[in-house]
Structures are given as C-alpha cells and as structure tokens.
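Welcome! Here are some exercises to work through with the structure open beside you. Try each task before reading its solution.

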Amino acid sequence: MGFFTRFLIPNPSPVIYTSMVAIGVTILLIVFGLTHFKKWFYLWSGWLTTVDHKRIGIMYLIAALLMLFRGGVDAVMMRAQLAVPDNKLLDSQHYNEIFSTHGVVMILFMAMPYIMALMNFVVPLQIGARDVAFPRLNAISFWLFFMGAMLFNISFVIGGSPDAGWSSYFPLAGNEFSPHVGTNYYMIAIQIAGIGTLMTGINFLTTILKMRAPGMTFMRLPMFTWSSLVTSVIIIFAFPVLTVALIMGTMDRLFATKFFTITDGGMDMLWANLFWVWGHPEVYILILPAFGLFSEIIPTFSRRNLYGYRSMVASMVFISIYSFFVWTHHFFTMGQAAYVNSIFSITTMVIAIPTGIKIFNWLLTMWRGRIRFTVPMLYSIGFIPLFTIGGVTGVMLAMSAADYQYHNTMFLVAHFHNVIIPGVVFAVLGAATYYWPKMFGFMLNERLGKWAFWFLTIGFCLAFFPMYITGLDGQARRIYTYSESTGFGPWNMVTFIGTVLMAISFFLIVYTVYYSIRHAPKDVGQDPWDARSLEWATHNPVPEYNFAIIPQVNSREAFWDAKYKGVELFKGDYEKIHMPNNSGSPFIMSCIFFVFGFALIFSIWFLAIIGLIGIFTCMALRSFEIDHGHYISVEEIKETEAKYGGVNK
Amino acid sequence: MKIKWVLLAILSAIVNVLSGCERLAVLDPKGPQAQTQANVIWLSIAIMAVIVIIVCAFLVYVLAKYRDSKLPKDYEPPYIEGNHVVESIIVGVPILIVIFFSIVSVISNNKVEATPEEYKGQDPLVIYASTSDWKWHFSYPENDIETVNYLYIPTNRPLEFKLYSFGPITSFWVPQLGGQKYAMSNMVTTLHLAADEAGEMMGRNANFSGKGFAENMFPVEAMSQVKFDDWVKEVKATAKPITAEKFNELLKPGHVGQLTFTGTHLGFSPAPEGENAGHHHGSSNSDANSKGDHMEHDHE
Ligand code: HEM
Ligand SMILES: [Cu+2]
Ligand SMILES: [Cu+2]
C-alpha cells in the first residue's frame, strides 16, 4: 500500500463526506472564536494545564456530553436503517462500523468519563479533602482518556472505523478478516484511554484511603464515596486484563503474532475470555457509582437518611468481588461442559440478591420520607421500575438453557440497554442536574428538565421494549437488514420512534443548559437542595482550596447535623493552604501519546519511535523537576471567603 | 406517578403479545429442546413479572403517600437505621428465588445438553454444520450427501449437530428447534436437537461474522423419515459429487444460492476433531463414536 492510500476510508459515502466537512468547519469556528475573543491564554492557563480536580471533573463532563451526542447520532442512524424492512439507507459495512463505534463510544467514552466527571468533582468534597492524592496524575488520566477518545473518533474520517463489534471477537477482528486499519484504532485508542482509567482507579483508591477529613471513618463515608472506593478497586483488578488483551491483539495485528489466529495454534476463545474477564466487571465499574449517586439523591429529596446503610455497603463490596466470577455468562454457547454453564449460571444469578437489596433499601428510604419531585429525583424514581425490569431480564438471561435462545438476539440488546440506560444514564443525568449548582453556581431550569426526563423515559420504553419481542421472534442482533416476511417491521418502527424521542430529549437537555445560563438566577446559596453531605458545606462555586478549614466529622451526615443539630463543623482558625501547581506536561505528554498512537495504527514506524522518545523524555523531565507547589496565604483566604458571602465557620 | 400505570400497561401489553395470536418463534417450539427452553422462559417470565409488579406497587404506594405536597407542614421524616425483620425479608426472599432458579437452571441445562429424553434409545442422525463466509455447509456422513444453505431433517429422530467454522466464530441457531451454539475454527461443538413435527423453519448464523452476516440464513425443513429417505435417494440420483476444487471455491467469501451434492467434504477436508482438533471442550458426550460409527449404519 502506498503511504497515502492507507489514510483513505475504505467505503466512503455521502454521510462521511458531510461529517468531514462538519468537523472541519467546527474546528475552524473554534480556532476563530478563541482568537477573536483572545481566549487562548485563558484556555491554556485555566484549563489545559489545570490540576484542580473540580476543573478536571468539568472537562470530563463536557467530553462525555460530546460523546453522548456522537454515540446518539450512531444510534439514530442504526435505528433509522432498521425502521423498515429491506432499507437501503446504509450498507452492511457502514452499519457494522456504526454499531461497533456506538458500543465503544457509549461504554468507554461516554459512560466512563461521565462517571469520572462526578467522581472527580464530588469525592474530594464529600470526604472533606482539598484535592485528590495525586493531582498531576489526575490531569494525565484525563488527557490520556481524552486523546484516546479523539483518536478513536477520527477513525471515521481517516482510514476507516472498527467494524467487528465493540467486543471485537477474533478471528473476525484479525488481519485476515478485517484487513483495514479499523481494528488498529480499536486496539490503540482503547489502550491509551484505558491506561488513564487505571491511573484514575489508583488515584481515587489512595485519595479515599488517605485524604479523609478527621473523624470520617469508613462507616461514615457518604455512599457515593463508598461506591467510588469499591469501583476503584475493581478498576485496579480489571483494567490490567484489558491492557494485556489489547497488547496481544495489537501484536497479532501489527507484528503477526498468533495469539488469536485460526491457524498456528492461536486460540480465538482466549480473546473472548480475556475480553469478558475485563468486560463484565466493567459494567459494574459503571453501575456501582451510579448506585452511589442514587443513594445521594434519594435521601436528599426524601428528607431522610439512607435506609440500611450497612447492607448497602456490604452489598456493594459483595458485588465487586462477585463481578469477577461470572464472565462466562457472555458465552454460555461456546460449547463448554454443562456443569461449567451451571456454575456460571448460578454465580450470575446470585448477583441479583445484593442488587435486589439495594432496590428495596431505596424504596424504604422514600417510605415515611417527604418526597420532592425535582428533576434529579424524577430520574431516580424512573430508574427503580425500569432497572428492575432490566434486572429480572438479566436473571432470565442467566439461566443458561434459556440463554441459548436469547444469546445474540435483540432480547439481549433490550436487556443491557434496560440496565445501562436507566441505571447509568439516568444516574449521571440526574446527578449532573443535582451537582450543577455546585459546579457552575446556578440551577438548571426545572420545567425544561422535566420535559427532557419524560421524553427520555417514554422514548426509552418505546425504543427498547419491542426488542424483547422481536428477539424472541428470532431477530438476531447486528443484522443490518431483514425481509418483510419476518414481521419485525412494525416493532422496529416503534423502536425508531422511541429513538427519535430520546434524541429530542438530548436536545432538550442541551437547551436547558443554554436557557438556564441566560435566565437562571446567579445566586442560589451554597445548599440549594437542602442536602445532607459535606460537599454542600462548601461555597458556590467551590473555591480552589475547597474548604478554608478542614471539617471535623462526627457522624454519617455531618453536614445535616451541622445544619439542624448545631454541631460545629469547622473548628479552629485559618492556616495557609498548600496547593499543587498547574502543569503543562500532562497535556503535552498526552498529545505525544496521540501522535504515537496514530503512528502505530498506520504503522508509521519512524513517527512511532519519535513519539516513544517524546513520551520518555516527558517522564524524565518530570523526574528532574523540582515543584513543591505553592501556598495560599491566610490573607488571601480571608479575602476569598469574604467575597463568597461571609466567612463560613 | 403516572409512569407506573404506563409501565403496567406496557407490561400487560407485552404479556398479551407473548401469549397472543401470533406465536413468537422461540415460544412456538417444534422440538423437545426448544420446548424445554420455552418452558423455562415462561416460568421465569411469570415469576419475574410478579417481582416487577411488587416493586412497582410498593413504589406507587410510597410516592402517593409520602409526597411533599400531601404531607402536613410539620411532618419531619424519622431517622431509621434499618430493621432486622425487614432486612431478613429483603435478603431472604431473593435468596429463595435464586435457589429455586438455580435448580431449574441446572436441570434444564443438563436436558438441553443431552440427547432428548423421548429419543434416548435411537441412534442420532449426525449432521456436520460448518460455515464459511457467509454460507452454511451441511454434511450428512450417514447418507453421504452434502447441502449448502438449506437443511432437511427427519422428524422423530435425535439429531446431533457437529459445528465448526472455516472463518470467524459463527452460531448455529434454529429458534423453533432449540437454542444456538458457536461454531469455531479449531474445534467441534455438539448440539443435540430433534424435531417433533414436520414443517418449515428459519435457521441462521446468530453470531456477527462480518459483511454478509445479515443474509447468513438457511431454511430448515422437517419431514417424516420416509420423505427424508426419498429426498436422499433423489439427491443421490441427481446431484453431482462435491470435489475438493469445488469446495475450495465455495469457501471464498460471498453468497451462493442453495446447492446439493453427493459425497461430503469431510473426506478431503475433515472437521477439526480427533487428530485434527485444536482442543476440546468437555460437552460432547458422544464425540468418540460419532463419525466412524455412524457412517457404518445404513438406513436405506
Ligand atoms: C440513545 C439510545 C440508544 C439506542 C437507540 C441504542 C441502540 C443500539 C443498537 C441498535 C445497537 C445495536 C444492536 C446490535 O445489533 O447488536 C446498540 C448496541 C449497543 N449499545 Fe446502544 N443505543 C442507545 C444508547 C446506548 C447507551 C447509552 C449505551 C451505553 C452506555 C449503549 C451501549 C451499547 C452497546 C455496548 C452496544 C453493543 C454494541 C455491539 O453490538 O457491539 N447504547 N445500541
Ligand atoms: Cu456480564
Ligand atoms: Cu474452544
């Protein structure tokens, strides 16, 4: 292949040309805007070099929303293609690329960063800390994730996207059956983002173990922090498996090793095993923090403490361990012995028990409470019945004999969307609304938010419930077309309509933000929801150092007790505060990673070597750097506190 | 609040459709294995629906009773840590349900992995079903014939499918006969099925295998043993033999229509079993006797 021909996409279409133009125009507009408003310096010093966990959280949030849009456009295109039998909107290749990138983007570049956004923003505030344990590492994590995501997204216009599904099973994903560079993108981009995630796990584990305010024992940790702790542990155990699997896959594709090939002793099932040894815990990495968020929102808007705190914690710890013992349920049909399937069938069903406990604890938290139907609470209420349906269909799938009939069908697709959308997407949308005033200092419009919620919920039901039916009627997943005689047509049309409603809700959410920026009052106080945990004891927006004085925790709901029982939270006097310095090196190093990844994908070896040298140079420079951070003086603290509407003691 | 009624309405609509006029393929079984699976599915739908209804009912009750606007001004929610009785119920009941389902799962699992009870005594018709991009090759060693992209089977006789692939992982699925199993390149998996009734059914590859995947289907026709034997005779009289060249031609990616041959490709291109095997998974209980033995039986 000539040097340039490999950058061409294998099967161009008008859709792709249009998006190329759109991407080009957007980039030009951004560059023009930044120059026109003289914001380059602000962007660099305020954001690109920041090590502040709150700003990193906000950047994660923006990236996640962008990716939600990208993945959502993919979803609409897929459902439009399937809306009527024998549709000619997309061809097979294009459809395959779309569902593969949709899956990857939604799981790894939308749900993950959205969770990371909330963890970054909330956890240090909840435990009364001034930052995470390793602030600069945190910046590297974010930028590696971001560069991985960008690298993955350019595949659409340079060289072609992966087309072997988000699970990328070999041998289909090997060179023999996927000769163009798509799967290289998959291997390398996910690898880069995954390294960032692994570092986040280490960072948050350390933060929660080491940086808690005095008096915050484990049994006083807020539930979202507990879930983040457990999640960090899962990340630390699961992500190395992904790293290794991706390295092996990359070796097969770039260096002709034979780990997963058909011939020469390769083992295609090894990939499936490694992938799901990571992949199953991964869904708990997403859902446990979501559970944590619901456990913050529901008590606040029920005006009650969380029911069964201890059993909530215990069930989470139990799930985290058990999530590593069920991966085989993703391939009951691979022909292992009946007793193997039986064992994994049972371990899988057992996970339903702790999950059920949590559902009932939330219900019992609302019981005898004082329920306010705010937008975050609506998402939490909608979550309960929908997630229950998703959960019980999960138990149905876990019965291996029956799974022989559900596997690889729309029934499965309906199930996992039924847990992931009410579970994760509702949680992060609700939580973003909940924490919005903390992040940005104003509230999102409630009325518009409710409209968005209803569009999303009704759209969701229309989009996914019919899939249970067509699945049982024999509609396999990942087919790009079907004939009239199958009778799937009407149901798929309903699904398409539901998808459109969900797309409308996305635009409503964006509009809510826009509308609220213009019309919402700018002064909402530090605790607009009358909430219960420590993050609400900070000013709005939160100053750089979070807490002028580190809080003294005496109970599970320290802030609530401070408000209503007169317990003193902030004791003592101001002292100078030590904070880390901003640094450009995480951003620069990640940019080099991007180049390095790009070079590997296209086998441009000299550039790869330069990239590698660049990465090591960055690391070496860092080790010679002397940077002790800086101090914020007492004077400055007093000034800031006064500005935020009085000293908060 | 309204949402609960919407949900209940949807749920009952689903149940109606599932049991209603036009039976869904999986719930309209034509063989014992699919029957077992349909029974398990119905059982789990019923119990799961009860759970969903209980959760929804409790939610509706709580939301109706404890919403802010309906409570007296001075109502302050109590501080409740938990309650041992309540907690034992919400832990105990799910445990019982899971135990029950575990038993059902293990029993049904062993059933679908073995030759169907009803046909235990008979020796099975062995059919090798292999895929290449994007076709199905069905070899009948007992009858010494081979078809491409369509499958004829006799009723009331156990069938033993031997699955493997000449390319990506695929999955052999005939919803009305029973659930699927993977076909992989370096091993053979075994699927035990049987048909009770004559009739035409849909079969397909259910595991994504690239560009031509959507069309990777095959019609299945179940017919009495007599008719089946007639068909075999006719094939033998009319079809051409399969040759190595012809077969290699067929392995190339692409779609072909339905084809019929005498002889099978197993002679010159054996399945990855025995000394050809990449490795073995434990499930197949009759691997050892399969090929050689059955070829000696002669039903004609
Ligand atoms: C906006 C609503 C959404 C719609 C209409 C939608 C639709 C679809 C469709 C049609 C497929 C292809 C199924 C197949 O043939 O295999 C799919 C796959 C998938 N979706 Fe979604 N989706 C949506 C949102 C999401 C979200 C929010 C997530 C994750 C957080 C997600 C994760 C996935 C995954 C992991 C797959 C599997 C991809 C694969 O088959 O390789 N989806 N979705
Ligand atoms: Cu799983
Ligand atoms: Cu195997």
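Donors are N, O and S atoms within 2.8 Å of the metal (3.2 Å for Na, K and Ca), and since water is not among the atoms, sites may look incomplete. This is a predicted model, in which local features need pLDDT of at least 70 and side-chain atom pairs count only at pLDDT 80 or more, while totals for chains, interfaces and linings use all residues. Residues are numbered from 1 along each chain as its sequence is written, chains are lettered from A and ligands numbered from 1 in the order in which they are written, and side-chain values use heavy atoms, with hydrogens and water left out.

**Exercise 1.** Find the protein donors of the copper ion (ligand 2).

*Solution.* 
- Start at the ion: A:His280 donates through ND1, while A:His329 and A:His330 each use NE2, at 1.7 to 2.0 Å.
- Next, read their spacing in sequence, which is H-x48-H-H.
- Then place two of them: A:His280 sits in helix α8 (residues 268–302) of chain A and A:His329 in the loop between α9 (309–322) and α10 (338–350), so the pair ties together parts 49 residues apart in sequence. Helices (H or I, at least four residues) and strands (E, at least two) are DSSP runs, numbered from the N terminus.
- Finally, check burial: A:His280 and A:His329 are both buried. Buried means under 20% relative accessible area, exposed over 50%, and partly exposed in between (1.4 Å probe, protein chains only).

**Exercise 2.** Work out which arrangement the six donor atoms form around the iron atom of ligand 1.

*Solution.* 
- The protein donors are A:His102 (NE2) and A:His417 (NE2), lying 2.1 Å from the iron atom.
- This pair links distant parts of the chain, with A:His102 in helix α4 and A:His417 in helix α14 of chain A, 315 residues apart.
- Six donors count as octahedral if opposite donors are over 155 degrees apart and all others between 65 and 115.
- For reference, the ideal angles for six octahedral donors are 90 or 180 degrees.
- A:His102 counts as buried because its relative accessible area is 12%, and A:His417 is buried too, at 13%.

**Exercise 3.** Describe the residues around ligand 1.

*Solution.* 
- There are 22 residues around ligand 1, and A:His102, A:Trp166, A:His417, A:Arg477 and A:Arg478 come nearest. A residue is near a molecule if one of its heavy atoms lies within 4 Å of it.
- By type, the shell divides into 14 nonpolar, five polar and three charged residues. Ala, Val, Leu, Ile, Met, Phe, Trp, Tyr, Cys and Pro count as nonpolar, Asp, Glu, Lys and Arg as charged, and the others, Gly among them, as polar.
- Helices α3 (53–82), α4 (92–126), α14 (410–440) and α16 (489–519) of chain A each supply at least two shell residues.
- A polar side-chain atom of A:Arg477 lies 2.9 Å from an oxygen atom of ligand 1.

**Exercise 4.** Is A:Thr355 buried or exposed?

*Solution.* 
- First locate A:Thr355 in helix α11 (residues 352–366) of chain A.
- With a relative accessible area of 14%, A:Thr355 is buried.
- Leaving out residues up to four places away in sequence, A:Thr355 touches A:Phe291, A:Ile319 and A:Phe387. Contact means heavy atoms within 4.5 Å.

Technical notes
Polar contact = N/O pair within 3.5 Å; in protein donor to acceptor, adjacent residues only side chain to side chain. Tetrahedral: all angles 85-135°; square planar, octahedral: opposite > 155°, others 65-115°.
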